[in-house]
Amino acid sequence: MKVLDRVLWALGLVGILFALYLVFMWVPTADVREGIAQRIFYFHVPMAWISFLAFSLTFLGSILYLWRGTKGWDHLAYSGAEIGVVFAFLNIVTGSIWARPAWGHWWVWDPRLTSMLVLWLIYVGYLLLRSYTPAHQAPRFAAVVGIAGFLDVPIVYFAIRWWRTLHPGPVIGTGGGLHPTMLTTFLVSLAAFTLFFILLARLRVGLRALEAEIEETKEAWRE
Amino acid sequence: MIEIEDLGKVFGSRWVLRGLNLRVERGEFLTVLGPNGSGKTTLLKVLATLLRPSQGRMRIGGRDMKDGAEIRRLLGFVGHESLLYEDLTSLENLRFYARMYDVPGAEARIEALAEEMDLAPFLGEKVRTLSHGMKKRLSIARALLHNPPVILLDEPETGLDQKATAILLETLERFVGERTVVMTTHNLERGLKMGDRVVILSQGKITYEGRKPLDTATFPETYFKYTGARP
Amino acid sequence: MRKALVIIWKDVLSEARARDLLTSFLLYALLAMLIFYFALNPEIVDDAAAGVLWVAFTFAGMLGLSRSFFLERERGGIDGLMLCPVEREVVFLGKVGSGFLFMFVAELILMPVFSIFMNLPLFIPRLVLVAFLATIGFVSLGTLFAAMAANTRAQELMLPLLFLPTAVPLIIAAVESSALVLAGAPWGEITSWLQMILAFDAIFFVLAIFAFPYVLET
């Protein structure tokens, strides 16, 4: 591991531990009815942000790959999609866990949660497309999905929100502003997650590049 | 007529063509030989703009490969697949392609070609019902409809028996005329006979280039020398 | 370019002979509707009518698109189109055009059938309008993804997986507009959803026509 990666790892770890302390020990309960489950908010929302960050990397990488053709961009796109899928999944699961004590159901068709589910499916499609497509077409096809999916996100959210105005229901999430202590806790958690994200992204891109190199060496050796 | 500079094509991590440099003069007949997997079909497909090169440049008829549509206007391609629509009749297929290629006087042209290529009796038949040899001839007619100055043939003898191959190659010889032709083949004898120039492709690179006249008897040895395979 | 019309005509001619795509769509949609009728509580089926209709259309539509590209590839046809001296976008327009034609005609046939099942008037012009508009976006996006899916070894999985999440906005808009139409809602309410459908159509069409050349040429 390079120096920067070690630093990220260390800082991230410290950040997470600190965030855990803040979340469980320090910050006061925001909603007495929801109780301890409400604290999931401090993880649930950063995960969403991180997944968006990851998917924007995919978006960026996809555009640049189609434009320039250098493999590096494709590695970036792929890594973003993988990490994004993981964090989106975590977001959905934490959302579900939050919904249960808050509303009594494991799933409430909350606009944000539902949009996240759709988004998750789009990028799962991205990853599966890559496995099922022959190697020479896979990066291009995936790039198209990476771009289309990302552009689709605001449209999906907008449509689902409008749909919900016709069929109202429970909404997860804090209404109103954040108390300073809550804000602090949130930001610490977000910062810690971001550090980990950067680390993961770097590692994954590096790994992809290595994998590609190995493949090329194998092919060359075959001749 | 055809210029290829440092052409490369990669599939995933496998370089099927690499650093290819080739020039084909106007009116020249180039035969491309090589074992399976040497990249012959890929080369032809890149020339036909069916595939994009991963590196390098290509010019046909003075036009850069970016002008895909214009290049395609100059090309007639006959590949392994017939590129014909099975549910339509031969006539409908030819009409379709004639319209796509803006062939002037399409009906007359189709009639004339059908006569010359002995396809007239099958014009009203659905392509599905035609034999392999007939489909091949129809496919060639399709490629010639718009009178292209360049013809690309990918192993035209595949799937045909001796007699059909002989008829096919005879037909080709009749139509080649002044056109520039690039033909890949496994048929050493015919390839050497028809080609003004012969090139051997091995593992994506050109390993041999020779001009007519070439001795058919000794060529198999040359072939082996440059590819490590028997033709 | 009007060569797209030549392609559309060719597809129509092929289809007229084989009658493959249209029958698949009709039968598949009919089966879907039937299963829904059995699967849902009879009391709520009437409320869910719009949803039933669009689920049937959606899945049958995907089948149709997927078969269309599969068939084209089987017969080496796509290469034939790719060799023509036209821009790749023209091929896209041609495929979208013929795809739209097939799907819309099938929908026109299905809607009266649907009306019979659901105890509705046989001909509902506003519903036809909704179908017409939504199908444009549907086929644009679907053609792009079908072209991709045709190249994978899991075609039946990949098309729905790629298409459905991305098409969610369009499906929502189509269902909601249909529901409003069936409920006899005022025209003003319906038009706002129709505008949304048109907006989605535009976005998906532009996206698809830009991306198609990248998918076609490897």
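Two residues are taken to be in contact if their C-beta atoms, placed from the backbone, lie within 7 Å.

The model is predicted, with local features requiring pLDDT of at least 70 and side-chain atom pairs counted only at pLDDT 80 or more, while totals for chains, interfaces and linings use all residues. Residues are numbered from 1 along each chain as its sequence is written, and chains are lettered from A, with ligands numbered from 1, in the order in which they are written.

Chain C contains nine helices and zero strands, where helices (H or I, at least four residues) and strands (E, at least two) are DSSP runs numbered from the N terminus. For its 218 residues a compact globule would have a radius of gyration near 17 Å, and the 17 Å of chain C agrees with this; the radius is taken over C-alpha atoms, and the globule rule is 2.2 Å times the number of residues to the power 0.38. Along the principal axes, the C-alpha atoms of chain C fill a box of roughly 55 × 35 × 30 Å.

Where chain C meets chain B, the contact takes 20 residues from chain C and 21 residues from chain B. On the chain C side, α1 (3–18) and α5 (77–83) each supply at least two residues, and the largest share, seven residues, comes from α1(C).
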